[in-house]
Amino acid sequence: MTTATPVKTEYEAIIGLETHCQLSTNTKIFSNSSTAFGADPNTNIDPVCMGLPGVLPVLNAKVLEYAVKTGLALNCQIARYSKFDRKQYFYPDLPKNYQISQYDLPIAEHGWIEIELVDEAGNPSRKRIGITRLHMEEDAGKLVHAGSERLSGSTYSLVDYNRAGIPLVEIVSEPDLRTGQEAAEYAQELRRIVRYLGVSDGNMQEGSLRCDVNISVRPVGREQFGTKVEIKNMNSFSAIQKAIDYEIERQIAAIESGEKIVQETRLWEEGSQRTSSMRVKEGSSDYRYFPEPDLAPIEVTQTELDSWLSELPQLPASKRHYYENDLGLSAYDARVLTEDKPVADYFESAISKGANPKSAANWITQDIAGYLNKQKLTISEIKLTAVNLADVITRIENGKISNAQAKEKLTDLLNGVSPEEAFAGQELISDRTILEPIIDEIIAANAQQVEKYRKGNTNLKGFFVGQVLKKTDKRAEPKLTNQLVEEKLNAPM
């Protein structure tokens, strides 16, 4: 959940995001080359993605399925009829000198998602962000500029075409965002959704999720939008937020000084924490779109639509609502648990086996999460099954073991030791007929401490409880032990 920070009250920002999401298919959108990340340059290529003469593209059916499922998850209207178009531009990373994309008839339109925000006073709120469209397209290659991150300043450039033809969906938001925080939260929610669907891994560091920001500012109350500027080169959600906040202030300062805002593309420079001009922004007419002649129009049947709709999982927003309203978890716990689907699945499996939801949430978001972060593991890699976690929690709540005992054995449990093995011979002593003689013996052996307690130093109760735990090798049931110690210390002499 993100805390919103408003811009200067006399101006407001109008922000929209264009998000390119790489689909997790095994092969490219129009050919059978591998989409595996990290291969040697120019090894995952073929005549189709290189645009060699005499070859024809064929649509990967999985790309259509993933695109429709994503559109459904974003509450979009799915087009029963759509088509591909050629978007023409000339750049070294585009081997055909055109990109196969969708223009006037995209696969999905008119959707929305909700984002969660917290104001400066800590009050939570939800905001609906419209989705203008979602369309399918192929990715371009990648330029590597020697000696610089950009063409300017480099001594030469190399091109890797492995990424050419990788399947993408481009998701275009309505201009409903107003702050950097809102935009970052919107992008994070998109990533959660595609990960839950299993259509993309959403890894920004590998380029699987890339966001371009369109931003303008205008005086509050004016209906007409200001001149739009596009920002690229943001490889984290933090960078999205910082780039937008910087650009808002830059544009406001320019307007106030009488400078004209130019429609352009700017780059976010992480090192200097600023945006810089890259090029004057092209308009759609510059791309000379026309229908792709080598691909037939796309028709989605009702049978396909019904089948793909039935396969959608419960999405993160729905899970958060369920965790908070039905399971009684805090908004924070619900947020952490639903961030990744494997964590949510683990949590739900544990409570299905009888674990108290709040206890399970605490163990997963605190103790287990701490171990995972330290060891750089995912929850799928630990050997503590959800069944065994439920067993541990049930033992604690039934008074068979203490929370402290469970934490002491956590590493063993995470490495596959069963609760039966971990707590063999360590069940708590909750029989007062066993505990009372032990407490009597300790009181008799510590007469001075007893006298100090009875004269008002009640903090010494902890001393006696500690002695009982030491005597019983920490097996004395804490609640009953505290009760019996207090009774005997306060009993008439």
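What follows is a short chat about selected features of this model.

Q: What kind of model is it, and what are the ground rules?
A: This is a predicted model: local features need pLDDT of at least 70, side-chain atom pairs count only at pLDDT 80 or more, and totals for chains, interfaces and linings use all residues. Residues are numbered from 1 along each chain as its sequence is written, and side-chain values use heavy atoms, with hydrogens and water left out.

Q: Salt bridges, then. How many does the rule give?
A: The count comes to 41 salt bridges. The rule asks for a side-chain nitrogen of Lys or Arg within 4 Å of a carboxyl oxygen of Asp or Glu.

Q: Which partner does Asp85 have?
A: Lys83. The closest N and O atoms are 2.3 Å apart.

Q: Are those two buried or exposed?
A: Asp85 and Lys83 are both buried. Buried means under 20% relative accessible area, exposed means over 50%, and partly exposed is in between (1.4 Å probe, protein chains only).

Q: What does Glu292 pair with?
A: Arg86, in a salt bridge at 2.8 Å, N to O. Glu292 is in the loop between β16 (290-291) and β17 (298-299), while Arg86 is in strand β5 (residues 85-88), so the pair ties together parts 206 residues apart in sequence. Helices (H or I, at least four residues) and strands (E, at least two) are DSSP runs, numbered from the N terminus.

Q: Why does Glu292 count as buried?
A: Because its relative accessible area is 4%. Arg86 also counts as buried, at 14%.

Q: And Glu348, what does its side chain meet?
A: Lys319, in a salt bridge of 2.6 Å, N to O. Glu348 lies in helix α7 (residues 341-352) and Lys319 in helix α5 (residues 316-325), so this pair ties together parts 29 residues apart in sequence. Glu348 is partly exposed at 23% relative accessible area. Lys319 is buried at 4%.

Q: Which residues do shared partners join into one network?
A: Glu116, Arg126, Glu185, Glu189, Arg192, Arg320, Arg335 and Glu339 are linked by salt bridges that share partners.

Q: Switching to helices. How do α8 and α9 pack?
A: Helix α8 (residues 357-375) and helix α9 (residues 386-397) pack at an angle of about 115°, with their axes 10 Å apart. Axes are lines fitted to C-alpha atoms, for helices over the stretch in contact, and angles run from 0 to 180 degrees between N-to-C directions.

Q: Is the crossing left-handed or right-handed?
A: The α8 and α9 crossing is right-handed. A crossing is right-handed if the near helix is turned clockwise from the far one by less than a right angle, and left-handed if anticlockwise.

Q: Which residues meet there?
A: From α8, Ser359, Ala360, Trp363, Ile364 and Ile368. They meet Leu389, Ile393, Ile396 and Glu397 in α9. Contact means heavy atoms within 4.5 Å.

Q: Where does Ser125 sit?
A: Ser125 is in strand β8 (residues 124-138). It is partly exposed, with a relative accessible area of 38%.

Q: What is Ser125 in contact with, leaving aside neighbours within four places?
A: Ile115, Glu116 and Leu117. Ser125 and Ile115 are ten residues apart in sequence and 8.5 Å apart in space, C-alpha to C-alpha.

Q: Next, Glu206. Where is it?
A: Glu206 is in the loop between α2 (180-197) and β12 (209-219). At 28% relative accessibility, Glu206 is partly exposed. Not counting residues up to four places away in sequence, Glu206 touches Phe37 and Asp201.

Q: Backbone next. What is phi of His110?
A: Near 55°, a positive value in a residue other than glycine. His110 lies in strand β7 (residues 108-118), and it is partly exposed at 49%.

Q: And phi of Asn233?
A: Near 75°, also positive in a residue other than glycine. Asn233 is in the loop between β13 (229-232) and α3 (237-256). Its relative accessible area is 46%, so Asn233 is partly exposed.
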